[in-house]
Every structure is written in structure tokens, then in C-alpha cells.
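Have a look at the model first, then run through the points below.

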Amino acid sequence: MAVNLVNVEAVGKTYGTRALLDAVSLGVSEGDRIGVVGRNGDGKTTLVRLLAKLEEPDAGRVTHQGGLRLGVLTQHDSLDPAATVRHEVVGDRADHQWAGDARIRDVLTGLFGGLDLPGFPAGLDTVIGPLSGGERRRIALAKLLIDEQDLIVLDEPTNHLDVEGIAWLAAHLRARRSALVVVTHDRWFLDQVCTRMWDVQRGTVYEYEGGYSDYVFARAERERIAATEETKRQNLVRKELAWLRRGAPARTSKPRFRIEAANALIEDVPPPRDTAELMKFANSRLGRTVFELEDVSVTAGPKQLLRHITWQLGPGDRVGLVGVNGAGKTSLLKALADAAVSDGDKQPAAGRVVVGKTVRLAYLSQEVAELDPTWRVLQAVEAVRQRVDLGKGREMTAGQLCEKFGFTKEKQWTPVGDLSGGERRRLQLLRLLMDEPNVLFLDEPTNDLDIETLTQLEDLLDGWPGSMAVISHDRYFLERTTDRTFALLGDQALRMLPRGVDEYLERRRAIAEAAVPPAPPAKDRPTGDTRAAKKELQRIERQLDKVGDKEKVLHTRITEHATDFAKVAEIDAELRALREEREDLEMRWLELADDTGQ
């Protein structure tokens, strides 16, 4: 019988006049893998902070099993800016100790691409202070994952990870014995990792069995029975349910409820997109030419990112771009955007970009455009246009589109300066779509958006007639909104991948395996000598411990004789000799560890 690790009993939490959680009772048991979803601001982060005892509830109580080993990743790290990556991640472990630990090797390789941390200026000895938020986030995650815990609580762990990193993290968490509670908007990740779901809505937490796909099925069934949810939300759920059942049947395990009832919901739901109709309309808006690249090369400063690319983005094309960081995904879109803005006058480093005469481009970059903080939300949208034509006779006012993007009538009068990061991102998207573009470039559009907003955006894009290029680490969003996938694998080329992200991950694994140098030939020694090698390993480990003890003594003596420079120089010479001895021993330990498979 599974042991309860955490109990949440009738917990309530209020901020100002708003009750985020009201009499919530939950439990986390051994082996649980729980995904937490809900709209931004509805209390997901508050729930997991209460669960981890980082905050106290206003009512009720949270209890932990005695001796609970808890690991927590919050949205803001507590790393020492003056420390090195080595100090924060592997602590005082000697090189031979952490390099011989399979888990540490796996974590460093999975999160950083290698034990020497390629991309960091001084590898493990890089000082943390000047690093970016994304790099610090990965360091905090690595620090947590190399230890053993009974329960891991993760708040948005996939932020700042690419498609490869997210796939590695999902596999790593599946293989761990720890229980897991994770807040994330990455629906593919939820499906891969979780066996239960908590849906935080207006002070209440609804529990579901299974991963994200099972949750969508179960929620659709709950709404069918309750029949109280507004039509807009029910239709969105039905549409996503239809896509999951028809477009990605292998995505889910067996649903844990009456699937016949859920299937009845989608009998009359058409496919998400009428591709033929959209293509016909896109042709009428765009003509034959959108973007044509002829022998194009793209550079970033002195670095050449892409070489001799010949490619075409045609009318109605919906493409996803995936690739390693720094391979040139954003630079490629910027090169196309520059050519479009300058009517083709501004060209890349080499080659030529031909831009269609009717192209009307909207480009959502990773940076949130600054708006007048005193503007109201509706005012910021109406400054672009009062009404928007969605095609096929469909039209929306600025206010209606605001509601579709989660800005209620009351929220539309909120000053822009009071919006959260996710709300500003939504507003930026909304303003772009109000300008009636016929070509969309979306660079990481899912940043800071909750799942409900993502489904609303996907629903809107399903009926949007135009050409689209999407860069995203959100695999679910890519597969849901695009029809073809292209990859930048870091070799200055652009490749189409018929099998999408799965094929990209396979190619990246093959590249990584090919880059691993062949194992050195085994040293000549008699059969059965492995046992002797293991004994030598143990002897070296004892010697390393003795060397470490001697070094500690010498460091103490240096402190004691700090004013006697002659004595300090003598002790320092002894320390250097010990350091050389330790390095020789560690090198020999690593050689023997390779030979014995340790």
C-alpha cells in the first residue's frame, strides 16, 4: 500500500479580497506523478508552495511524512551569484566521485550537452552571477536532480529548455523513483510524465486520473454531465478532444472513465482545420509567392549560421522550425522579416529573398513590445483596429477578440502597466492579429501562456487563412498548429522532417552518438584481472581520502601562521605537492573506472 508523503487538509489561501484556494484537501502518495494545470493567476504556484511548506495557509494545514526528503524548483532560484557552477551543482565532491556517478553524468549531459558544460565560458568553473536567467534555471534544476528525494516539486521546469532538453527531462523523471508534483503548460510533457492531474479553478482543485490527454477526455465528460460550463469553453474542449482522438491516437493511455460518452461529444466535430478551404483562401490573399529563398546564407556577427539555403514558404503553408540553440532559427525569421519590411531591398549576407507583393507580415518576437502603461487593454487593441476580418464572412470586434483571449469585459479596462507577463504576451498576440496579417512569424509564442489561453490561440489559428512559421519548444503546440516541420541541426543546413519532432530527436541522438570518441582498447592483462583492478580502485579511493585529510590540515596550518610568510610559503609548497598527487590518483582512478565499467 502506497504511503502518503504529504496531506493537504481543508487549506485556504487569500490574497487581498480574492480567495485563491478554498477548503482544498489533497494528498500525495509514493509513486504519484501529478501535473498541475489551470489559468494563470488561479493559484497553481500558490498550491505547490503550500504543499512544499514554502508558504503557510490561512486556514487548514499541510503535513509532511516524518523525514521527508523534499526537492523544490521554484520560479526564482536561490543560487549564490558569487559561486561557481561546480560549487552549486556537485558541491565538494571530488572529480573522481561525481564523474563516477551515473546520475550526475546523465543530468549534466541531459541539461548542458556534456560533462564539460559546452556553451559556458569556463565550464563547471563558470561564475553564476553574470549568467542569464535560463542558464541559472538549468543550474538550479541540475542541482536538484543529482540528489535522491522522496518527493520533487517543480514549478515550470520546462521554461528555457529546448525540445531536446524537455524530452530528456521527461525520460529522466519517468525513470526516477521519487514522487512528483509539477506545474507546467507543456501538454506533451504532462502526457509523457504524469499519471494524475490537478486542475485548479476558482478556488477549487479537481482531480483526474491519467495524463493530459486523459484529463481532456475526463473534463469533456464532466462538462457534458454538469452542462453548466459556458458554450465557448465547452466547444474548445470538444475541439481539442476531437484532435486528440483523431490526430494523435497514440498520445494517451487507456482513459479511466466511460470513453463512449466522451466519443459521443465529438461525433459531429469536424477536423480542426479545413486545409483545402484555408489554402484556397490563402491563395486568393497572397497569390503564388510568399517567401522564396535562393542560395541564402545567414550570419550573426562573424558566425555563419546557414549556408546556401534554397527554400520556399508558400501560400497557406504552416511550418514549424526546431533546432539546437544558436543554430539560426530566429536569425532566419529575422532575415525574412527584414526583406519583407524593406520590400526586398534588405537582403541577407549571401543569396536572395524574394517577397510576394501582397505579403502583410506580423512578427511576434520573444521580446514583449512595450506599450503605454496607462492605456487600457481595450484601448491598446482598438489603437490597431476596431474590427477584424477572420475570413469566410466572419468578423470580430476588438472587444470580442479580447474576450476570446481571456480578457473579460472587466479585465479590458485594466491598465497595461498592471498586467502580468503572460497577460502582456496575450495582448501582444492580440494586437498582431488585429492588424489582419496574411503571414505570421511566431517566435516562442507559448511563453507565459496558460493551457486555456493556448487552446484559445490554437482555435483561432485553425481558422486563420495565411502562411505561418512557428519556432517553439512546446511540442504539443507545434504539432497542433503546423503541418510540416523543418530542422536546423547546427550544420548550416535546413532540412524537412517528414516525421516531425520524433525524427528531429532521432537525428540529434545519432549526431551525439557519432560525436562520442571510441572507447580506448582494453589494456593487456590476464583474464580475471578485473577483480584486481577493482581492488586497486578501492586502494586509490582510500589514498584520495588520506590526501584530502592532509590538505585540510595544511589549510588549517596556513590560517594559524597567516603572518609568518616563510612558513606559509613552506606549507603552500606541501599543498602543491599534495594537489599533484591527488590529480595523478584521480587520473588513474578514471582509467580504472573505464576499464571496469564503473
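Aspartate 317 and arginine 484 join their side chains in a salt bridge, at 3.2 Å from N to O (the term covers a side-chain nitrogen of Lys or Arg within 4 Å of a carboxyl oxygen of Asp or Glu). Aspartate 317 sits in the loop between β11 (303-313) and β12 (318-323), while arginine 484 is in strand β19 (residues 484-488), so this pair ties together parts 167 residues apart in sequence. Helices (H or I, at least four residues) and strands (E, at least two) are DSSP runs, numbered from the N terminus.

Bear in mind that this is a predicted model: local features need pLDDT of at least 70, side-chain atom pairs count only at pLDDT 80 or more, and totals for chains, interfaces and linings use all residues. Residues are numbered from 1 along each chain as its sequence is written, and side-chain values use heavy atoms, with hydrogens and water left out.

- Aspartate 317 counts as buried at 16% relative accessibility (buried is under 20% relative accessible area, exposed over 50%, partly exposed in between, with a 1.4 Å probe and protein chains only).
- Arginine 484, at 27% relative accessibility, counts as partly exposed.

**Other salt bridges**
- The structure has 29 salt bridges.
- One of them pairs the side chains of lysine 13 and aspartate 58, 3.8 Å from N to O.
- Lysine 13 belongs to strand β1 (residues 4-15) and aspartate 58 to the loop between α1 (44-51) and β4 (59-64), so the two tie together parts 45 residues apart in sequence.
- Lysine 13 is buried, at a relative accessible area of 10%.
- Salt bridges also link Lys13, Arg49, Glu55 and Asp58 in a network.
- Glutamate 458 and arginine 480 meet through their side chains at 4.0 Å, N to O.

**Helix α4**
- Ile104, Val107, Leu108, Leu111 and Phe112 are the buried residues of helix α4 (residues 102-112).
- They span an arc of only 95° around the axis, so they fall on the same side of α4 (the arc is that of the directions from the helix axis to the C-beta atoms).
- The buried residues of α4 pack against α2 (85-89), α3 (95-99), α5 (133-145) and α6 (163-175), where contact means heavy atoms within 4.5 Å.
- Just after α4, glycine 113 adopts a positive phi of about 85°.
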